[in-house]
Structures are given as structure tokens and as C-alpha cells.
Amino acid sequence: MWRTTKQFINNYVYELKLNKIERSNVLLLYTIAIILINTNTILGIQDNHVMSINNNSLATNHMRELSKDNGTITPLANHNVTHSLKWHVNHERMLWQNKCTEYDWSIEKGCNISALLQKLLEGYDKRLRPLMDFQEPVMVTVGFWILSIDSINVIDMDYQIDFFFRQSWTDERLKHSYPQTLTLSNSMLDKLWVPDTYFENSKNSQFHSVTVPNKMLKIKPDGTVLYNARISVRASCPMDLRMFPMDSQECNLNIESYGYSVYDIRFQWEEDKQKRLSIGTKVRTLPQYNLTQFDTANSTEAYVVGNYSRLTAIFVLQRRTGYFFLHLYAPCALIVMISWISFCIPKDSTAARVALGITSVLTITTILNMLNTAMPKVSYIKAVDWYLIVSFLFVFAVLIEYTLVLYLTDKEKQTQEENKNKFKKKRPPNMDKQFVGANGHVIDRNNHHELRSRAYQNNNYKENHYDCSDGEFQTKPLIVVLEEKNLRNHRQNHHHHTRAHNDDDHSAALQSHTGKFLCEFRVDVIDEYSRMIFPLAFIIFNIVYWLLFYSKKNEK
């Protein structure tokens with residue numbers, strides 16, 4: 001049928017175009033074929049193998065049998081056209097095989113890359129790795145161009161990295177005579193052997209495919225294959241957060257072969273140290289981290305099934321603490337300082353002081369909970385936890401201090417009330433000018449001699465008698481105590497008795513002055529001392545905290 005003839009012509013026209021044959025007779029046949037197809041001049045093939053064409057068709061030397069009367073082509077003419085097309089195609093293939101197999105490549109001689117690629121793939125088995133017949137490992141050279149490092153997740157302990165991944169290896173089966181490196185489409189990768197490289201610590205990896213798969217393939221004349229692809233990898237990064245937020249983390253990216261052991265594939269870094277791991281300036285400065293160091297390493301990992309070659313890219317990320325100073329440390333320090341306002345509020349303003357203390361405690365607790373929500377559940381204490389816990393204790397101590405003030409104030413009031421009630425029952429009307437002695441005699445306060453003599457009449461006399469109920473301190477004068485000491489020294493004959501009484505005299509004097517101090521002690525003094533002690537203690541804590549952790553940071 002005419003469709004079969006049309007397909008036949010199209011097939012040979014494609015081969016003529018593919019080999020770029022520019023000889024005059026072939027061009028003429030090509031022109032005739034295009035005219036026959038485009039003008040639909042083929043009418044059909046009869047049972048007697050006669051094909052009709054228009055009288056407007058171009059005449060050639062192979063179509064001289066065309067009848068002048070009815071415009072038909074005899075079977076002999078059809079056979080001559082087919083034979084001529086096949087002869088020219090075979091002739092051009094022979095010319096390419098004789099002239100393009102050597103390194104004398106020339107387009108004028110009929111050499112073309114399409115035929116070269118077809119020749120390279122003849123007998124090529126991508127299931128077999130290079131050098132398998134020689135039982136030697138394939139050396140795969142690897143390089144990186146880092147595009148971005150972001151999404152560093154502290155909770156999941158991983159990070160996102162986007163990079164150009166370069167691999168190169170030599171495949172003897174892909175040697176060719178083209179004088180330059182062949183840059184091919186990524187679809188060619190499906191026909192070649194490619195290393196089964198994977199990322200050992202990857203959680204998720206993907207190739208970029210917009211607008212086409214981001215892969216590049218080049219083949220050098222010596223058979224070296226250059227393979228480049230853009231890859232995004234989310235890799236795990238175990239983190240030690242004891243120094244958080246003044247910590248630095250070391251994140252690795254491990255490269256291995258999944259199926260080929262060290263006897264089949266060995267990975268190596270590119271020789272140029274600056275190019276093997278190239279990182280742009282913008283990548284080194286991240287929102288929360290600084291890429292302070294990066295390095296490469298190679299090793300051999302032992303598994304149950306064998307030993308495998310590994311390459312490791314090391315990235316040292318230093319956390320930037322500016323964010324945490326502004327949103328964590330500074331608010332906590334301010335809340336602690338605000339809680340000290342409670343020392344300046346009168347102790348009678350219970351509602352104000354309690355509300356301020358509870359608000360400060362709850363605020364510190366909220367900050368601590370928010371931080372723990374954004375952090376992994378680790379069993380050790382982080383550096384920031386120490387600061388928050390101590391700040392919480394400072395704020396909580398303010399509440400404890402006010403509780404103590406309220407307690408002492410209440411006890412003082414109760415004691416004063418009890419002493420007043422007792423004193424009113426036993427107090428004579430003229431008690432303001434008289435002193436009741438130990439034997440019940442009333443002595444005038446102004447008569448010191450009588451007071452001094454009455455003091456020695458009874459050994460059971462209570463030497464230290466004080467009462468803070470009315471604000472007056474009642475005790476024997478110091479001269480009386482000293483006179484008693486001398487009198488006892490004369491009355492006692494034994495040395496040990498003398499020493500015992502001396503100790504009693506010293507303790508009596510000390511108790512008298514201690515009692516005086518207790519009577520003069522005021523509850524308001526607690527707030528006065530707290531206004532000095534709390535700020536001083538917090539300043540000392542901050543100095544020790546920052547010196548300690550910054551020294552550890554520098555040592556690390």
C-alpha cells in the first residue's frame with residue numbers, strides 16, 4: 001500500500017539526514033522523496049506493482065522508465081530507486097568506519113557524534129562495573145559545591161544541605177576518537193554504569209527536576225566520565241547541648257557505596273583542597289550559626305557484609321548567641337531586678353509585695369517552659385538552664401524573705417501584747433520610779449547604793465532581766481556586774497570555783513548586751529539588708545557564670 005511506501009521513504013530519508021551526506025545524487029533523491037511525501041503524489045501500488053505519480057514530478061536518471069502517456073512508474077523503476085537509497089547509506093557507513101575510527105576526526109570526512117555514540121554503546125553492558133575483568137577497584141573521585149546549609153533542627157537533630165555533587169571515574173569501554181569532551185544529555189545516564197553512591201547519615205534525599213532533571217554528563221576521550229547532579233539532603237547531626245546557647249556543633253555528611261565493597265569501589269576526594277569542598281561566603285554566615293570550619297576525611301567502615309569506603313564532609317557550626325541574649329538572658333535579668341522592688345515597698349502592703357513576687361516567679365517559669373518546648377528532652381542540664389534556675393531561685397527567695405518578714409512582724413506583735421497584759425497585772429502604780437528587788441522589796445531607781453546592796457542579798461536573783469514590751473531595756477548596770485565579780489572572788493577560796501564564777505560573769509554580761517540587741521532589733525532591718533545582699537549576690541553569680549562558660553567555650 002501507499003503507506004508502506006511512504007514509511008519506507010521516510011526511513012531512508014532519516015538515515016540520510018542522520019549521516020549528513022551531501023553528495024549530489026543523494027540530495028537529488030532526498031528532494032524527490034520530500035516532494036512525493038508532501039504533495040501526496042503517491043497514488044498507490046496495484047496488484048501488478050505499478051505506482052502512479054504526477055507528471056509534475058522531477059525526473060532523474062533512475063526514473064527514465066516513466067511513461068509519457070499515463071505517467072506511471074514500472075516495477076523496474078521502483079526497484080532502482082530502492083536499490084540506490086540502500087547503496088548510498090551503506091557506502092556512507094563504510095566511509096565513516098574507514099575514516100573516523102582513528103583520531104583524525106573531521107566533519108568534512110563524514111564523521112558525526114550520533115554514530116560515535118551508537119558505536120560506543122554497541123556491546124556495552126551497564127550491569128558490569130569498569131575494570132571488573134581485571135579485578136581492580138574503580139576509583140571514584142568526589143567533590144562538593146555547597147549551595148546552602150539551613151533548617152538546622154535542634155529537636156530532631158538534623159540539618160538541610162543543598163549542593164552540587166560531582167563524581168568522576170574512568171570507564172575503558174567509553175574511550176572514543178572525538179578530540180574533545182562529549183557533553184551529553186542526562187538521558188544517557190540510563191545507558192551507562194553509574195556508582196551506587198548514597199549518603200549514610202541521610203534521613204531524606206532528593207534530586208532536583210525543574211525544569212528538567214538537574215544532572216550533567218560528560219565523557220572524555222580517555223573514557224573518564226564526569227557526572228554532576230544537584231541534590232538536597234536532610235542529614236542527621238547528633239548534638240551535645242551542654243553548652244547551649246554557647247555551643248558549637250559538628251555535623252557530618254557521610255558518602256558510601258551501597259552495594260560495592262572496598263574491593264570494587266574506592267572513593268577519594270579531589271586533589272585540589274579548595275575545590276573539593278567549595279563553600280560560598282553567604283553560606284558561611286547563617287541566621288543562627290556561623291560556619292567556622294569545614295574539612296574532609298576518608299576512612300573504611302566495617303559492616304557485617306564487608307568493608308566499605310567512606311568519605312566524610314565535616315561542617316563545624318558555631319551558634320550565634322545574640323538572639324538568646326535579647327530574648328532570654330536580658331528578660332530574665334530584668335525580671336530578677338524587678339522583684340527587688342519588693343524590698344522598697346512597706347511590709348504592711350501585703351497585696352502589692354505578694355503580687356509582685358508571684359508575677360516574677362510565674363514569668364521565669366514561663367520562660368523556662370517555652371525554652372524546654374523548643375529543645376529536645378535531654379537528661380543533662382544545659383548552660384541556659386543554670387541561668388534560668390538560679391534566676392528562679394533569686395525570685396523565689398524574694399517571696400521567702402517577705403514571708404519571713406511577715407512571720408517576725410506577727411510574732412513581735414504577739415509578744416508585745418502578751419508582755420503588756422502580764423505587766424499590767426503585776427505592775428504597781430509607782431513602778432515607773434521604783435524597781436522591785438529579788439526579795440520583793442521596792443527600791444528607788446535613783447538610789448544606786450541601795451540598788452547595789454540589794455542586788456547581793458539573794459543568790460537566786462536574776463541578773464539579766466529585760467523587757468521589750470514597752471521599749472525599755474531593764475538590766476543591772478555594768479558596774480554592778482563588775483562589783484559582783486570582785487565580791488565573789490573574795491568570798492570563794494577554791495580556784496575552780498573562782499573560774500566557774502568568772503565564766504558566769506562573762507556570760508551574764510554577754511547575755512545582757514545580746515538581750516539589748518534583740519530589743520533594739522527591728523524587722524525592717526531585713527528589707528534593708530536584702531536591698532544590698534540580693535543585688536550583690538546576683539552580680540557575683542553573673543560574673544562567675546559568664547567567665548566559666550566562656551572559658552569552656554574557648555577551650556573547646
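Helices (H or I, at least four residues) and strands (E, at least two) are DSSP runs, numbered from the N terminus. This is a predicted model, in which local features need pLDDT of at least 70, side-chain atom pairs count only at pLDDT 80 or more, and totals for chains, interfaces and linings use all residues. Residues are numbered from 1 along each chain as its sequence is written, and side-chain values use heavy atoms, with hydrogens and water left out.

**Stop 1: strand 4**

Begin by selecting Phe164, which lies in strand 4. Its relative accessibility is 31%, so Phe164 counts as partly exposed; buried means under 20% relative accessible area, exposed over 50%, and partly exposed in between (1.4 Å probe, protein chains only).

**Stop 2: aromatic pairs**

Rings of Phe, Tyr and Trp (its six-membered ring) pair if their centres lie within 6.5 Å; planes under 30 degrees apart count as stacked, over 60 as edge-to-face and the rest as tilted. Across the whole structure, a search finds 29 aromatic pairs. Select Trp169 and Trp193, which form an edge-to-face pair with 5.9 Å from centre to centre and 85° between the planes. Trp169 belongs to strand 4 (residues 158–170) and Trp193 to the loop between strand 5 (182–184) and strand 6 (197–199), so the pair ties together parts that are 24 residues apart in sequence. Both Trp169 and Trp193 are buried.

Proceed to Phe541 and Tyr545, an aromatic pair that is tilted, with 5.8 Å between centres and 40° between planes. These two residues are separated by about one helical turn, because Phe541 and Tyr545 are 4 residues apart in helix 13 (residues 524–555). Phe541 counts as buried at 17% relative accessibility, and Tyr545 counts as buried at 3%.

Now widen the selection to one aromatic cluster, formed by Phe325, Tyr329, Trp340, Tyr387, Phe394, Phe538, Phe541, Tyr545, Trp546, Phe549 and Tyr550.

**Stop 3: charges over rings**

A charge sits over a ring if NZ of Lys or CZ of Arg is within 6 Å of the ring centre and within 35 degrees of the ring normal. Another example is Arg173, placed over the face of Tyr124 at 4.3 Å from the ring centre.

**Stop 4: cysteines**

A disulfide is a covalent bond between the sulfur atoms of two cysteines. Here it is identified as a pair of cysteine sulfur atoms within 2.5 Å, and the count comes to 1 disulfide. Select Cys237 and Cys251, which this disulfide joins with an S to S distance of 2.0 Å. The link of Cys237 and Cys251 is left-handed, with -80° about the S-S bond. Cys237 is in the loop between strand 9 (224–236) and strand 10 (248–257), and Cys251 is in strand 10; the pair links distant parts of the chain, 14 residues apart. Cys237 counts as buried at 0% relative accessibility, and Cys251 is buried at 1%.

Next, compare two other cysteines. Which of these is buried or exposed: Cys332 and Cys344? Cys332 is buried, with a relative accessible area of 0%, whereas Cys344 counts as exposed at 56%.

**Stop 5: helix 7**

Finish at Leu334, which lies in helix 7 (residues 322–339). Together with Met337, Ile338 and Ile341, Leu334 makes a nonpolar surface patch of about 360 Å². Patches are made of residues with over 30% relative accessible area and no salt bridge, like charges being joined within 9 Å and nonpolar side chains (Val, Leu, Ile, Met, Phe, Trp, Tyr) within 5 Å. A salt bridge is a side-chain nitrogen of Lys or Arg within 4 Å of a carboxyl oxygen of Asp or Glu. Accessible areas come from the Shrake-Rupley method with a 1.4 Å probe; for residues, only the protein chains shown count as cover.
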